[in-house]
Each structure stands twice: as structure tokens, then as C-alpha cells.
Amino acid sequence: MATKTKNENRLNYKQTFLIGFGFMGCMLLWSVYNSYVPVIFRAKLTELTNGGSALPGFLSVALLVNAIMTIDNIFGVIFQPYFGKKSDGTHTKWGKRMPYIIVCLPICAVFFSLIPVAATVKATALSVILMMTVIIFFNFTMSVWRSPVVSLMPDFTPSPLQSDANAVINIMGGIGQMVGFVVGTIATALVGLLGFTAMHDALKAKTNTLGQILETNADGSVVVNYLNGFNPESYKETVDNFIASGRDALYFDGKSFSSAGTEAELVAQKVAKLGADGNPIYVNYTPIFVVAAIITIICLLILIGFYAKNKKNDLSKDIVIENENSEKPQKIKIKDLPITKGERKSLLVMLAALFLINNATEAIIPNFTNFALDTLNVKPIYSTLMMAVFAVSLAAFGIPAGAMGRKLGRKKTIMIGLIVIVVMFAIYLAVSQIINNRAFTWIVLWIALVVGGAAVGCININTLPLVLAIGGRDYVGTFTGYYYTATFSAAITGPILCGLLIGLFNDNYNFMFLFCSIMFAIGLAVITQVKHGESSPEDEEWIKEAVEAADD
């Protein structure tokens, strides 16, 4: 195997920054996808299934939406490793990775832009079929170029400098994520500046869970149609809470109000604004997706310009992988690992805890925008800003969380994070469901987002190092594989299980917090049984290198 080496004493930050535009575009698309696709699909499936009443058995709209949102994780597990390995053996004048990126990123961006376009088709069943088709192609093409774009940094960076380079790449990915969270606001401003008044007003309008624009009075309050002689003054507090919420209709069973029509009589309904054809007007999220896709294409153009000028610095272009089939590493079963019985137990317990914890964190992503729309009456273009606060808190606490892990111990730091987030979620649930004070609920939620982000940082930063420390330096690859098996499995099951629970409570998205609290609490109980995984100071360097390599 021939290799090309390059002696450098310091990182070329400008080069690494330009390479990071590829990962920035990737994270931008995922931010928008995870924020808006659940809202769009929920509206379509609600309409298609008559509010879920046409679905059999335990199926619900929330469960179906969450199941759809696992497609990217399933495709990631199946296709990303394949195309990452495929790019290792590719040899062109544009190197190993760029052909996959140059060809598939624009195709991916086109499919991405077509998702909200498919949602505008009036025939609901056809619209859902078209959306599913576009989403499958989007996820597949994303799987083709995501691994190659991540592999660009090691191709241009000598091994001793990859730690610093990885930090730059992660910053660029974080910027992409932040841009994704605010791109709704950017797109809304742009369509207004370009004179698309109707589209601008629609993106800012108050809507119901079907994405229909609501009729409002001169003061901006939503028009409500009261049925069956219902007197709103008799139930003023309940009616005010209903108007302030994102719920579409109010049902009364003689004693209590509910958000579903089972065994209850419809007494109030928010009025949707009608178009010239007499049909409700729906929000069209196409500008948001198009703006995100355009920014991603700009990121690609910057990356292409960089590679054209710097391909001579590609350290991988002369590397030839030989005897690929004969060098496949054999998988090692946990029972065959040369570790003690206690270490093996700690590993199994830690993997179980990881699975439970990640079931919770992965459930938040596809449900938050629908939760904000229902409970807080916050439109997706604004609820994504709330997600940005959580993400910033998580990122900002990364370094302190690592320091806590080294000083207090990784297991203890993870447990502190779990205790804090369980308490915050439990407080929010109690406030929202029992006290039912809107202003107080908002305050608690904002505190939960900030403190919860820091708590998840304590968990995420320390779990992989703990797992690696159990196995030791000789089994880094094996134990990294165990770690990602647990987390990727949870990324698939978490949204589905959470969707099932939300569906059982009549699509009440507040119960997302109940699901997360339960999973975090069980994970906390399980992790108390981990007795190994704290490393000595001399182990810190190789653990740091192993974690950074796993993140590449």
C-alpha cells in the first residue's frame, strides 16, 4: 500500500474551514427535514385518516409520522457504511470522495425541495404517496454522499492534526444546524422582500394542525365557531386556554374537556380561512426547503472550488486498497472478549442504558415541532428557534461536561445529567398538566430547554469514552461498534415507541415528555449497575483519539 505523507507542524485552518462546508450543508438539510417534515406529514395523514379514526387498532397518526421519521436512520445504517467504503476504492481526477458529493448532493437537494411541493397536491392519498417517494429518494441520495463528505477531512489532514481539524468540522456542522433552525425565518423574510405577499403572510399566519390558515379578527385573535348553543362565557378559562392552544376543536362530555371526539360532543371549532374556490388555504413550506437547498448548493460550490485548487494536497489520492476481501476483520462476540466477568457485565449493562437513553433523545427530534404547534400554538418557523436554544446549550456545555467526566468520573457525570433532565421534564409535565398556567408553563419550558441541553451534554460527551475504557486500547474498533449498534438501534425504536405512547393519549404531544422521562429514569436505574469504565490519566489520550476517530 502506497501512502503520501506531508510534514506539517500546525493545522491549516483555512483549508479545514473550507472542507467543513460540505458537512455544514449536510447538517442544514437535516435540521430543516427533522423540523418540518413531521408537521407536513401529520397534516396529510390526519386528513387522509379522518383524524386517525380510520386507522385500525393501536395505529395513530403520531405513530405513523414517527415511523416515517426513522427512514433516515434505517438508510444510514444500511447505505452510509457501504458508500463510505465504496469511496475508499474510488480513483478519479477528482479524488475518492468528490465524485459522490458532486453528483449526489444536487440530486439530493432537488428531492429535498420537492417534499413540500408533493404536499401541495390536493388529492390527499396521491400527495402522501408522492411525499413518501420523494423522501425515500432524498434519504437514499443523502446516504450516498454523507460518508464521503465526512471522510474529506482525514484525506487532507495528517493524523496528528486530525483532532484539531475535527473540532473545526464539528463547528461547521453546528453552524449548518443553526442555519437550519433559522432558515424558516430567513425564507419568510425573503419571500416578503421579493413581493410574494400571499406566501409571506401564509408562512406567518396562525394555523391549525392540518396546516390550514386560520381566520382571524382585526385584533389578530382566532375566529372560533361555537356549536350546539354552547355558551363560551360559562367556561371562559377553558375556552381561553383552547383559543391560546394549537388544538383545532374543543369537545365537551358534560364534565370535562378533551382534545378528541370520542364519547364527547363537538362544541367549538377554529375557523379556517377559505380561498376563492371555497376550500381552506394551507401553508406551503416550499420557500423554506428551497432556500435551504440553495444554501446547500452554495456550500457545494465552495467545496468544489476548494478541491479544484487544493487537490494536490489530498493525502488519499495515491492510497490503493489491496486484498480488500481478505482483510475483513472478524466480528468478536461479547462472550468471546478477553475481559473479566465483571467488565462483561458492565459492558452489557452500559449498552442497555445507552439504548434506553437514546430512545429518549431520538424521540424529541421528530416530535418537538408538533408539540410546539399543539401545546404552545407556536408555528414551526419559530419553534425551530426553541430547538436552536437546546442545541446551543448542548454544544456550549460540551467542554465543561468533558472536564466533569474526568474530575468526578464519567458514570457519576452521566447520572447527574440524567437526574437533572428527568427532574426538568417531570416539572414541565406537572406544570403543563396540573397547574395549567400558560405563562408559568412557558417559563418552565425555556428553563427545561437550556438546562436540559446542558444535561444531555453531560450524558453524550461521556458515554462513548466510558464504553471504550471498559474494552481498553486493543479493542477500540470493537467497542465503538457495540456503542453505535446500541445508539443506532435506539434511533429507530425511539421515535416509534414515543409515537405509540402519544397515539394512546389521543395524539397529545405533551406525553413526549412522559416517554422521555420514563426512558431517562430507567436508563439511570440501569447505569447504576455499571462498575467499570473509569480510565486512568494515562488512558485519556488514546480515548480522546478514539472518540474523535469515531466522530469522523
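Visitor: Why are the side chains of Lys122 and Asp277 said to meet in a salt bridge?

Guide: Their N to O distance is 3.2 Å. A salt bridge needs a side-chain nitrogen of Lys or Arg within 4 Å of a carboxyl oxygen of Asp or Glu, so Lys122 and Asp277 qualify. Before we go on, this is a predicted model, in which local features need pLDDT of at least 70 and side-chain atom pairs count only at pLDDT 80 or more, while totals for chains, interfaces and linings use all residues. Residues are numbered from 1 along each chain as its sequence is written, and side-chain values use heavy atoms, with hydrogens and water left out.

Visitor: Why is Lys122 called exposed, and why is Asp277 called partly exposed?

Guide: Buried means under 20% relative accessible area, exposed over 50%, and partly exposed in between (1.4 Å probe, protein chains only). Lys122 has 67% relative accessibility, so the word is exposed. Asp277 has 47%, so the word is partly exposed.

Visitor: How many salt bridges does a search of the whole structure find?

Guide: The search finds 4. One of the bridges joins Arg97 and Asp155, with 2.7 Å from N to O. Arg97 is in the loop between H3 and H4 and Asp155 is in helix H5, 58 residues apart. Both of these residues are buried.

Visitor: What separates Lys236 and Asp240, another such pair, along helix H8?

Guide: About one helical turn, because they are 4 residues apart in H8 (residues 236-244). Lys236 has a relative accessible area of 44% and is partly exposed. Asp240, at 38%, is also partly exposed.

Visitor: Why is Ser127 called buried?

Guide: Its relative accessible area is 0%, so Ser127 falls on the buried side of the cut-off. Ser127 is found in helix H5. Leaving out residues up to four places away in sequence, Ser127 touches Lys44, Ala118, Ala119 and Val121; a contact is heavy atoms within 4.5 Å.

Visitor: What makes a set of residues a nonpolar core?

Guide: The members are buried Ala, Val, Leu, Ile, Met, Phe, Trp, Tyr and Cys residues, joined through side-chain atoms within 4.5 Å. In soluble globular proteins, nonpolar side chains tend to be buried together. The largest core here has 77 residues, and Phe112, Trp145, Ile288 and Phe289 touch the most other members. Among the elements that give two or more residues to this core are helix H1 (13-48), helix H5 (124-156) and helix H9 (286-310). H1 gives the most, with 18 residues.

Visitor: Which residues is Ile288 in contact with, leaving aside neighbours within four places in sequence?

Guide: Ile288 is in contact with Val32, Tyr36, Val183, Gly184, Ala187, Leu203 and Ile381. There is also a second, separate core of 65 residues, including Ala62, Leu337, Ala455 and Tyr482.

Visitor: How do you know that both faces of strand E2 are covered?

Guide: In E2 (residues 249-252), Ala249 and Tyr251 on one side and Leu250 and Phe252 on the other are all buried. E2 and E4 pair in the antiparallel sense over 4 bridges. Strands count as paired if DSSP finds at least two bridges between them, so E2 and E4 pass. Phe252 stands opposite Glu265 in E4.

Visitor: Which residues form a nonpolar patch on the surface?

Guide: Ile434, Ile435, Phe440, Ile443, Ile447, Val450 and Val451 form the patch, with about 630 Å² of accessible area together. H14 gives the largest share, 5 residues.

Terms used:
Patches are made of residues with over 30% relative accessible area and no salt bridge: like charges are joined within 9 Å, nonpolar side chains (Val, Leu, Ile, Met, Phe, Trp, Tyr) within 5 Å. Accessible areas come from the Shrake-Rupley method with a 1.4 Å probe; for residues, only the protein chains shown count as cover.
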